[in-house]
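Hi everyone, thanks for making time this morning. Please bring the structure up on your screens, and we'll walk through it together.

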Amino acid sequence: MSATPDLDRILLDAHLPALVLSLVHMTGDASLLKAEWQPTYNAFPRGEPIFPPGAEDAIRAKAKEVLAAKLAGKLPPAPPLSPETTRKMINFIAGADVPPEYLPFLQDELAIDGESSKNPHWETPALKGAASKLKVLVVGAGMSGMLTSIRLNQAGVSHVVIEENADVGGTWLKNTYPGCRVDNSNHMYSYSFEQNHGWPFHFSPQPVLLEYFQGIAKKYDLKKNIRFQTTVLDMAFDEARDLWRVRVRDNKSGAEEVIEANAVVTAVGQLNRPRMPDIKGRESFKGPAFHSAEWRHDVDLTGKRVGVIGTGASAYQFVPEIAGKVKSLTVFQRTPPWAFPVPHYHETVPDGMKWLLEHAPMYDKWYRFFLFWMSTDGLLQAVRADEGWNGPSTAVGQVNQMFREMIAGALAESAGDPALAEKIIPTYPLGGKRGLLDNGVWLEALKRPNVELTTSKIAEINEAGIKTEDGTQHDFDVLIYGTGFHASKFLMPMKIKGRGGRDLHETWGGEPRAYLGMTTPGFPNLFMIYGPNTNIVVNGSIIFFSECSVRYIVNSLKLLAETGAGSMEVRQDVHDAFNVRVDAENAKMAWGAPQVTSWYKNETGRVTQNWPFALVDYWRATLAPDPKDFMLHKAGAKVAA
Ligand code: NAP
């Protein structure tokens with residue numbers, strides 16, 4: 001961009017609703033929130049205008065005038081905005097009257113003045129003193145572990161982060177398969193307090209995400225607290241001393257050591273242990289075979305016959321990347337994914353947009369807010385079952401059915417050929433599994449002459465390739481597993497012993513449960529991030545969830561510091577009542593429908609992964625721990641197991 005910016009050019013790239021709000025900030029003129037500039041949105045936009053005729057030109061003309069005055073230093077300072085104006089601005093950009101219960105939550109997320117409930121405040125000398133005596137052990141230095149470390153530093157709590165890998169980044173370090181990219185808008189999929197105005201793509205590829213997280217580690221000097229290439233083997237709660245004794249192994253030297261900590265925070269993700277399918281003969285294949293999360297970059301796929309098992313989020317991204325270079329590609333599909341049309345999925349962020357994010361006051365915050373609101377809870381209604389629904393099992397309710405028809409129609413149109421359409425349109429309800437983003441490249445790949453989509457069930461894997469139940473033998477040089485992760489085996493393979501020596505996994509008995517996804521009775525001062533029932537399917541971003549969880553955990557530590565208690569343990573009745581509510585609500589969602597099988601459910605059919613409520617509910621529930629939910633034990637007090 002030149003020294004004198006070309007405002008006409010820049011404004012062509014503007015997100016106009018965010019731009020109007022930036023103008024209100026610059027001028028203090030709330031009358032710019034005019035009815036004729038009010039946007040209206042479609043749930044699945046397909047390029048239709050969001051403004052009445054003439055509004056776009058008028059907004060750009062006004063923006064040009066105000067920005068030019070600002071750049072020339074001729075814009076008088078704007079008065080601060082009243083809460084009433086801020087509320088009107090929220091409604092304006094949301095394109096609707098936001099329900100009042102959402103306002104505190106949205107204002108907190110917006111953090112216009114930089115203040116948010118997520119910022120730790122441990123200012124009093126007593127708290128500062130107590131903080132310096134606490135020691136916390138964090139497991140994992142991915143997105144959530146890094147966030148925990150940032151917040152603990154801000155609170156003044158000393159801690160160590162144990163990380164198995166050689167660097168930070170978690171999933172963005174490990175997944176390097178071709179085409180790997182985030183499928184949440186980047187201007188939202190970033191820490192709320194660390195916006196990046198320079199995202200090169202709306203949905204950036206993995207190396208860009210890794211660079212972001214590595215940059216955060218540097219900026220916040222996180223590595224000083226991280227022990228890399230170190231694995232947590234087990235941990236046990238020492239009741240006499242209210243301490244967790246955590247056994248770790250240095251993977252370079254093999255040396256083991258026990259670290260003591262007042263509290264442990266696990267931030268190990270749900271999707272970090274590749275799951276190889278249990279298919280007969282899997283080990284017998286003679287060629288290279290690998291999982292998407294352990295991509296063999298040393299295996300050149302050029303001119304090879306390749307088989308891919310799975311059509312989930314990972315395969316959906318790498319298949320289009322490799323289809324053009326391999327000799328032949330056979331994709332084995334058990335269940336097709338739902339895919340939502342997102343034409344700009346692979347598009348770069350235009351320069352004008354980047355300029356506005358950097359220079360137009362508050363434009364960045366409102367643009368992020370727009371993305372956040374659009375993904376907040378609107379779609380939740382579309383995946384909730386109607387009570388007593390007796391329509392087809394391909395839907396769970398009327399709204400679900402309506403959305404199904406819309407998306408299925410778009411998929412059929414892109415498929416072109418009815419035979420292909422039949423293969424790729426799911427027969428389970430929309431929202432039963434995580435939806436993917438479709439900009440056409442998946443179907444383009446499937447339509448290539450060297451690519452085949454096979455829906456016949458895999459009978460066995462053998463030396464030469466895969467035999468399907470229709471009797472066909474498919475020979476391959478390379479096999480790639482896009483078969484997902486051991487998501488419901490939370491915290492495995494760590495061994496965790498709580499009060500009275502009880503084992504966490506035995507206590508769970510294959511059905512992991514926690515209160516707010518974070519704490520379990522009998523395991524004092526053990527907090528999980530992205531624990532049971534904190535995954536989201538159609539709303540929000542997992543960074544939002546982690547930020548809420550970390551706020552709650554830091555406030556739990558604060559409760560310990562304020563009360564002088566040695567440990568806090570969630571009450572069994574509180575935990576149980578919460579889980580009854582979760583199970584009842586999950587049963588009403590598309591992903592809880594009996595006809596749906598997915599990794600959201602464990603072997604017993606319980607939905608162990610998903611948060612069935614609204615984002616605002618998690619935000620509210622995690623503001624701070626309610627002391628009534630916990631048993632606070634005096635330091636060193638002996639408690640019956
Ligand atoms: P996944 O969604 O669990 O997909 C696994 C695929 O393998 C499914 O199509 C599954 O079929 C198939 N499969 C599993 N076992 C099989 C068997 N024995 N025979 C035939 N097919 C089998 O795994 P993923 O694609 O790695 O994605 C996992 C999660 O990671 C995603 O849901 C998402 O949360 C995250 N992710 C995110 C991104 C992103 O943000 N860009 C990218 C990749 C992954 P069924 O459906 O029939 O079980």
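Let's start with Arg551 and Asp108, whose side chains meet in a salt bridge, with 3.7 Å from N to O. Keep in mind as we go that what you see is a predicted model.

How many salt bridges does the rule find across the interface of domain 1 and domain 2? One. Polar contacts are counted there too: five residue pairs between domain 1 and domain 2, with both partners at pLDDT 80 or more.

Which elements build the domain 1 side of that interface? Helix 5 (103-110), helix 11 (351-359) and helix 12 (363-374) each give two or more residues to the side that touches domain 2. Helix 12 gives the most, with five residues. If you sort the residues on this side of domain 1 by type, you get seven nonpolar, seven charged and one polar.

Now let's step back and look at the domains themselves. Where they meet, 15 residues of domain 1 are in contact with 19 residues of domain 2. About 1600 Å² is buried between these two domains, and carbon and sulfur atoms give 64% of that area.

Next, the ligand. How many residues surround it? The count is 24, and the closest are Arg181, Asp183, Ser314, Thr335 and Lys433. Let's zoom in on Asp183: an N or O atom in its side chain is 2.7 Å from an oxygen atom of the ligand. Arg334 has a polar side-chain atom 2.9 Å from a ligand oxygen, and for Arg434 the corresponding distance is 3.5 Å.

The rule counts 35 of them. One example pairs Arg60 with Glu56, whose side chains meet at 3.8 Å, N to O. Where do Arg60 and Glu56 lie? Both are in helix 3 (residues 55-71), four residues apart, which is about one turn of the helix.

Technical notes:
Residues numbered from 1 in each chain as written. Predicted model: local features only at pLDDT ≥ 70, side-chain atom pairs only at ≥ 80, totals over all residues. Heavy atoms only, no water. Contact = heavy atoms within 4.5 Å. Buried area = accessible area lost by both parts, 1.4 Å probe. Salt bridge = Lys/Arg side-chain N within 4 Å of Asp/Glu carboxyl O. Polar contact = N/O pair within 3.5 Å; in protein donor to acceptor, adjacent residues only side chain to side chain. Nonpolar A, V, L, I, M, F, W, Y, C, P; charged D, E, K, R; others polar. Near = heavy atom within 4 Å.
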